[in-house]
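Here's a quick briefing on the fold, the overall dimensions and the core. Have a look at the structure first, then read on.

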Amino acid sequence: LESTGLPDAPVLGTLVVSADRLYFAPTKGDDPTVDVPLADVIAVDLTTSHLGLSTGMPLLRVRFRTDGGEDAAAFHLPYTDEWHLAVTNLTKDLRSQ
């Protein structure tokens with residue numbers, strides 16, 4: 001998360017997208033969970049770096065609204081193009097309602 005700054009090590013876990021939420025459950029319990037209603041997603045894009053780090057592979061970056069303002073998270077995933085398309089289409093559908 002941009003709001004918490006750079007983690008000491010990569011955070012591993014599971015990313016799930018449903019019809020109304022984007023949820024990241026970390027493998028280790030002390031790492032932050034990301035739970036974002038899709039209605040709060042502002043932008044979805046692919047980037048090669050986040051918080052000054054580059055993986056050399058595309059990252060799925062999701063920018064969203066929180067009670068404290070805007071935040072963003074980036075995820076290193078297989079099939080980033082498909083994830084990007086899925087999350088973009090789901091959030092577009094919510095905005096058009």
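Helices (H or I, at least four residues) and strands (E, at least two) are DSSP runs, numbered from the N terminus. On that basis, you're looking at 1 helix and 6 strands, running β-β-β-β-β-β-α along the sequence. It's a predicted model, so to speak of local features takes pLDDT of at least 70 and side-chain atom pairs need 80 or more, while totals for chains, interfaces and linings use all residues. Numbering starts from 1 along each chain as its sequence is written, and side-chain values use heavy atoms, with hydrogens and water left out.

**Overall dimensions**
- The radius of gyration, taken over C-alpha atoms, is 13 Å, which agrees with the value near 13 Å for a compact globule of 97 residues; that rule is 2.2 Å times the number of residues to the power 0.38.
- The C-alpha atoms fill a box of roughly 40 × 30 × 20 Å along the principal axes.

**Core**
- Buried means under 20% relative accessible area (1.4 Å probe, protein chains only), and 27% of the 97 residues qualify.
- A nonpolar core is a set of buried Ala, Val, Leu, Ile, Met, Phe, Trp, Tyr and Cys residues joined through side-chain atoms within 4.5 Å.
- The largest one has 16 residues, of which Leu15, Leu22, Leu60, Val62 and Phe75 touch the most other members.
- E2 (21-26), E3 (34-37), E4 (41-50), E5 (53-66), E6 (69-75) and H1 (80-95) each supply at least two residues of this core, with E5 giving the most, 3.
- Beyond its neighbours within four places in sequence, Val62 contacts (heavy atoms within 4.5 Å) Leu22, Val41, Ala43, Asp71, Ala72, Ala73 and Phe75.

Definitions and conventions: Buried means under 20% relative accessible area, exposed over 50%, partly exposed in between (1.4 Å probe, protein chains only).
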